[in-house]
Amino acid sequence: AQDVRLMQMDAERLGFGDASFDTVSISSSLHHLENIPQCVGEMKRVLKSGGHLIIRETHRDIQAEPQLTDMYIHHWVAEIDSALGYTHNRTFTRQELVDFVKGLGLSNVVFYDISNTDLDPMDEAAIKVNEEIIDRYIQHAAGLPDYKTLRQRGEELRQWHHEVGVQWEPELIVVGERRYLSIRCFWVVWCGEEGFAHEGGVATQGGPQSLEPTRLSRASVKVE
């Protein structure tokens with residue numbers, strides 16, 4: 001098996017050269033980024049032409065009431081994290097994610113929707129996980145000016161949680177390709193008094209070539 005190396009670095013300034021990777025992915029993290037366009041721009045920069053960019057992100061287009069539990073807790077946690085100085089924004093709408101991806105200039109983009117409405121909303125293990133999250137964040141909020149309000153909301157979420165149950169927020173997975181970077185070129189191959197001019201797009205990174213030869217004579221070519 002190939003070695004796997006874990007590296008920590010600034011997502012806004014990745015320490016890799018241009019076109020270094022065949023695939024670059026990010027999962028459930030866009031709403032944790034301070035400068036999303038810069039970070040995703042770096043992901044595109046280190047991606048080879050024709051390589052795949054994969055984005056997996058939670059969104060708040062809720063499809064069932066138990067999913068509201070996960071969204072409410074998530075946003076409450078984000079508020080506490082933000083008050084503590086961490087970048088943690090509310091989740092996006094699905095359309096916001098789609099619009100953002102469309103602006104990246106990717107090709108062959110495919111969207112996959114994941115929803116967990118078939119899960120048992122009263123699953124004891126899932127409820128226990130959220131109980132632990134609520135307890136932990138009530139402790140995190142202890143030193144904040146709005147602690148009493150945040151704690152009250154946490155207890156209200158706990159009650160809602162036990163009455164409605166929980167299902168994970170829906171997710172959107174996006175797979176797209178970085179477009180081939182093309183240049184225009186023009187050259188002439190001479191055979192005696194006749195030549196063939198070729199003009200076409202030659203894509204970098206081993207992309208496809210398009211050559212359209214045109215017959216011409218020396219008398220028709222002016223060299224400056």
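User: In this predicted model, is Phe-21 buried, partly exposed or exposed?
Analyst: Buried requires under 20% relative accessible area, and exposed requires over 50%. Phe-21 has 31% relative accessibility, so the residue counts as partly exposed.

User: What is the geometry of the aromatic pair that Phe-16 and Phe-21 form?
Analyst: By the ring criterion there are two aromatic pairs. In the one formed by Phe-16 and Phe-21, the ring centres are 5.0 Å apart and the planes stand at 85 degrees. Planes over 60 degrees apart count as edge-to-face. The pair of Phe-16 and Phe-21 is edge-to-face.

User: What geometry do the rings of Tyr-72 and Trp-160 have?
Analyst: The ring centres of Tyr-72 and Trp-160 lie 5.6 Å apart, with the planes at 70 degrees. Over 60 degrees is the cut-off that applies here. The pair of Tyr-72 and Trp-160 is therefore edge-to-face.

User: How many residues apart in sequence are the parts that Tyr-72 and Trp-160 tie together?
Analyst: Tyr-72 is partly exposed at 33% relative accessible area, and Trp-160 is partly exposed at 25%. Tyr-72 belongs to helix H2, residues 65–83, while Trp-160 belongs to helix H5, residues 147–164, so the pair ties together parts separated in sequence by 88 residues.

User: Which residue forms a salt bridge with Glu-42?
Analyst: The closest N and O atoms of the salt bridge are 2.8 Å apart, where the limit is 4 Å. The partner of Glu-42 is Arg-45.

User: How many residues apart are Arg-153 and Glu-79?
Analyst: Arg-153 and Glu-79 form a salt bridge in which the closest N and O atoms are 2.7 Å apart. Arg-153 is partly exposed at 28%, and Glu-79 is partly exposed at 34%. With Arg-153 in helix H5 and Glu-79 in helix H2, the pair links distant parts of the chain. The separation of Arg-153 and Glu-79 is 74 residues.

User: Is Arg-158 buried or exposed?
Analyst: The cut-off for buried is under 20% relative accessible area. Asp-135 has 36% and is partly exposed. Arg-158 has 15% relative accessibility, so Arg-158 counts as buried.

User: How are H2 and H4 oriented to each other?
Analyst: The axes of H2 and H4 come within 10 Å and cross at roughly 20 degrees. The crossing is left-handed. Residues in contact include Ile-73, Trp-76 and Val-77 in H2 and Ile-133, Ile-134 and Tyr-137 in H4. Angles under 35 degrees count as roughly parallel, so H2 and H4 are roughly parallel.

Terms used
Residues numbered from 1 in each chain as written. Predicted model: local features only at pLDDT ≥ 70, side-chain atom pairs only at ≥ 80, totals over all residues. Heavy atoms only, no water. Phe/Tyr/Trp six-rings, centres within 6.5 Å; stacked < 30°, edge-to-face > 60°. Buried < 20%, exposed > 50% of the residue type's maximum accessible area, 1.4 Å probe, protein only. Helix = DSSP H or I, 4+ residues; strand = E, 2+ residues; numbered from the N terminus. Salt bridge = Lys/Arg side-chain N within 4 Å of Asp/Glu carboxyl O. Axes fitted to C-alpha atoms, helices over the stretch in contact; angles between N-to-C directions. Parallel < 35°, antiparallel > 145°, perpendicular 65-115°, else oblique. Left-handed = near helix turned anticlockwise from the far one by under 90°. Contact = heavy atoms within 4.5 Å.
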